[in-house]
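This note is intended for a colleague who is meeting the structure below for the first time. Please read the points with the sequence at hand.

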Amino acid sequence: MAQKVLVCDDDREIAAAVDIYLTAEGYEVLQAYDGFQALELLEKHPDVQLILMDIMMPRLDGVHATMKIRESRNIPIIMLSARGEEYDKLFGFEIGADDYVTKPFSPKEVMARINAVTKRRAANTADASAQTYKFEGLEIDMAGRNVYVDGEKA
C-alpha cells in the first residue's frame, strides 16, 4: 500500500508540482489549500504518514495548523516557506517541524528530504516494535516500560 502524504499549500501550482513528483515516487497524495482543510483531511485520513505544510496560508496558517496537529499526533511535518531567515526556521523546529524547506525549492531536494524523513520514521517504528515481546497472553513493551496480561495493563 502506498504511503499517504498530505500537501498543504495555498499556491495550487506548487501543490500540483509536488503532487506530480510524489505520485511518480509511488506516494498517494492528498491536497489542502489552507490549515483548516489540512485538519479536516487528517480527520478523514488518519493513515497520512507525512505532511508538507506551507506556513503562510489564508484562514489558518501553517504555524497554527502544525501546533494543532502536534496536540494529538506525532506525524512527520516538513515546513515549506518563503521565509528563510534563521529565526523563521528555528521557530518552525520549535513548534514541531521535522524539517524546513525554503521557497523556491528544488522538487528533487524536497523528495530527498521526504524520503529521508520517512526512512528515519520507519526505522524508529521498527526499533520500537522490536522492543515489544509477546508470549501467549503476556506482552512486554520495553520502550514504554509496560506489561500487559491478556490485553490488560498489569
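1. The model is predicted: local features need pLDDT of at least 70, side-chain atom pairs count only at pLDDT 80 or more, and totals for chains, interfaces and linings use all residues. Residues are numbered from 1 along each chain as its sequence is written, and side-chain values use heavy atoms, with hydrogens and water left out.

2. Asp 34 is found in the loop between strand S2 (28-32) and helix H2 (35-44). Helices (H or I, at least four residues) and strands (E, at least two) are DSSP runs, numbered from the N terminus. Asp 34 counts as buried because its relative accessibility is 7%; buried means under 20% relative accessible area (1.4 Å probe, protein chains only).

3. The side chains of Asp 34 and Arg 59 make a polar contact (2.9 Å). Such a contact is a pair of N or O atoms within 3.5 Å; within protein, one must be able to donate a hydrogen and the other to accept it, and residues adjacent in sequence count only if both atoms are side-chain atoms.

4. In helix H3 (residues 62-70), the residues Gly 62, Val 63, Ala 65, Thr 66 and Ile 69 are buried. They lie on the same side of H3, because they cover an arc of only 165 degrees around the axis, taken from the directions from the helix axis to the C-beta atoms.

5. Asp 61 caps the N-terminal end of H3, with a side-chain oxygen 3.2 Å from the backbone nitrogen of Val 63.

6. Arg 12 lies over the face of Tyr 33, 3.7 Å from the ring centre; the criterion is NZ of Lys or CZ of Arg within 6 Å of the ring centre and within 35 degrees of the ring normal.

Definitions and conventions: Buried means under 20% relative accessible area, exposed over 50%, partly exposed in between (1.4 Å probe, protein chains only).
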